Amino acid sequence: MKGILLSIITIAVLCSCEHREINTYTNTEMVFDWKNLMSGDTKSTTMELHYYNKETGEHIVVNGNQDGSKQFIPYGTYQLLVFSSNVKNVEYKGLNNYNTAEIYAKKSNTVTKASLDTVLLQPGSIYAAKKEAIILKPVSEASNFITLEPYIKVIKVNINFSGDTSQINNYNVSLSGIASGINLATGNSLSDTTNANYNVNSGQVQMPTHKSQDLTLSFLGIANTKNIMTIGVTLSDSTVLSASADVTDALCSINIKPVIKIDTKIDISPIGLKATITDWKVSTGSGTVGGK
């Protein structure tokens, strides 16, 4: 009888301990708001949520989809980072700490310019959000709405050729002064003297039959330096011509609007290549991002 009574008491104690442990957790749903999705872009199908407990320093990672996620984690006050995962041409660093979480564009293994500038690969679509403090209460079921923002910048270059375009074999567009990455918590570019010479390149594009062509350059941020856009043209006899223009002023607003359109007129003449940037327009843009 004593043995039976002792077993009952033991079970009661264990159940009591288990109940107290469960009460230290919260069942919370995060719902993603895609109102800032760029026109023509698609929602990220895989997302990561990183919770950083402000009291204990504990780092918890939760996987989500394009709709959001449900998590059963210890209650407390957290810093939160949400971002697209499985994005092409990028890598994440410093994710164990809210303030050091960064995303970088991968570097190209192919030298596409005569200079020693480093070419960054164009990243896929990245959407992210941050919260400096989110309070999760014990055993409370609540939905939190998270508004996602695009974390890449896009330049849509419209090139209009005039003159004898029959001699053009291919062409490319590059942009210098690109930052290699951004801080996920602040959204600021990781700009220093090391990455100030990075550039993003469209790669060689075959000359189409029509004389107007759209190209897209995507990147994570701009460095604290001049931004030079260069258009290179390779003629049928392998002659390479190029023209450059300073677009630093045009990019000043790209941190406000993630898409900038630049219209360019290229005149092929006997004396060589002439390039004139006639206009730029800041807008939310259209079409897909990540290069063409």
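This is a short walk through a few features of one structure. Keep in mind that the model is predicted.

Let's start with charge. Side chains of opposite charge can pair when their charged atoms come close. How many salt bridges does the structure hold? The count is one. The partners are Asp263 and Lys261. Their closest N and O atoms sit 4.0 Å apart. Asp263 is buried, at a relative accessible area of 14%. Lys261 is partly exposed, and its relative accessible area is 35%.

Next, a sheet. Three strands make it up, in the order β6-β7-β15. The sheet is open, and its pairing is antiparallel. Which strands are at the edges? They are β6, residues 90-93, and β15, residues 181-183. Each of these pairs on one side only. From one strand to the next, the twist averages 20°.

Let's zoom in on one pair. Strand β7 covers residues 102-105. Four bridges join β7 to β6, and the two run antiparallel. Here is one bridge to find on screen. Val90 has Ala105 in β7 as its bridge partner.

Last stop, a loop. Where does Ser202 lie? Find β16, residues 199-201, and β17, residues 205-206; Ser202 is in the loop between them. Is Ser202 buried or exposed? Ser202 counts as buried because its relative accessibility is 16%, and the cut-off for buried is under 20%. What does Ser202 touch, leaving aside residues up to four places away in sequence? The contacts are Gln122, Asn172, Val173, Leu215 and Leu217.

That's the tour. Thank you.

Conventions. Residues numbered from 1 in each chain as written. Predicted model: local features only at pLDDT ≥ 70, side-chain atom pairs only at ≥ 80, totals over all residues. Heavy atoms only, no water. Salt bridge = Lys/Arg side-chain N within 4 Å of Asp/Glu carboxyl O. Buried < 20%, exposed > 50% of the residue type's maximum accessible area, 1.4 Å probe, protein only. Pairing = 2+ DSSP bridges. Axes fitted to C-alpha atoms, helices over the stretch in contact; angles between N-to-C directions. Contact = heavy atoms within 4.5 Å.
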